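Me: I would like to learn how to read a model like this one. Please start with the terms.

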Amino acid sequence: MKIPKRLLPLVEEGIIDDVLNQLMSGKEATVYRVRCGDEIRCAKVYKEATKRSFKKASQYTEGRKGRSSRRARAMEKGSKYGKSQQEEAWQNAEVDALYTLAEHDVRVPQPYGCFDGVLLMELITDEEGDVAPRLNDVVMPAEQAIEDHALMMIYIMRMLCAGIVHGDLSEFNVLVDAYGPVVIDLPQAVDASANNNAKAMLLRDVNNITSYYAQFAPTLALTKFGEEMWALYEAGELSDTTKLTGQFAEDTQSADVETVLAEIQAAFEQEQDRLAYLKEAAEQD
């Protein structure tokens, strides 16, 4: 295929040897299958801020620490330099999250570096060597759904222990290979301790994943893993080896109205994004 403009510098520098085909185009990036020497990898080309349709990005970037005080001040002021640093921070967030989560035994694609808005990383494949399907394209028996759901809850828990909330986790941001689910798409990763929206986003992530698996194993819909995780996290009692039960006793004495409203709004926006994704996928077909 014709080499996309954003990938041309990487080809000229010998980082990429050939661009094979486009895999997908989403709200924040376009992903290509590329050849690097003897390996087939994927190249994620981030869209510019003016072309991204990712809604309310400020909710996700709240609490992110700048790499220097000068950069942080520029980002706050919204200057031209500050905007360029915001873009760099948006892209670096995914690279940093991938390395951090791998250290916490969360299955994510292996990153190979980010070059001028292009993230090179491992291509997740199925047993035949084809691109692994997204979770939303996978149908499974109840036993498999329960097993994979339990694994995803462990991954989300380990992410939280690493101080990270995915923030946009759903059946569209999980690939499934021969070894099980792989978490992808992390540029919007949230700082769990510094972002006021972290709890609502964590609960939404858990609910999205649980709702999908509950199609095949309805009893999963009764679990409360998100609430259990957050309560343990706030109490400083959550670790990578915590044994979750999926049970949580709600506090009926007081209601956090702001959190409830945030969860409702977040769920609405997630559904809008899901419908937009389905529409875009249908148009590409």
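Reply: A contact means heavy atoms within 4.5 Å. In the protein chain, 63% of the contacts with a separation of 6 or more are between residues 24 or more positions apart. This is a predicted model, in which local features need pLDDT of at least 70, side-chain atom pairs count only at pLDDT 80 or more, and totals for chains, interfaces and linings use all residues. Residues are numbered from 1 along each chain as its sequence is written, and side-chain values use heavy atoms, with hydrogens and water left out.

Me: How many helices and strands are in the protein chain?

Reply: Helices (H or I, at least four residues) and strands (E, at least two) are DSSP runs, numbered from the N terminus. The protein chain has 8 helices and 9 strands.

Me: Is Ile40 buried or exposed, or partly exposed?

Reply: Buried means under 20% relative accessible area, exposed over 50%, and partly exposed in between (1.4 Å probe, protein chains only). Ile40 counts as partly exposed because its relative accessibility is 34%. Ile40 lies in strand β3, residues 39–46.

Me: Which residues does Ile40 touch?

Reply: Leaving out residues up to four places away in sequence, Ile40 touches Leu20, Arg33, Val34, Arg35 and Leu123. Leu123 is 83 residues from Ile40 in sequence, with 6.8 Å between their C-alpha atoms.
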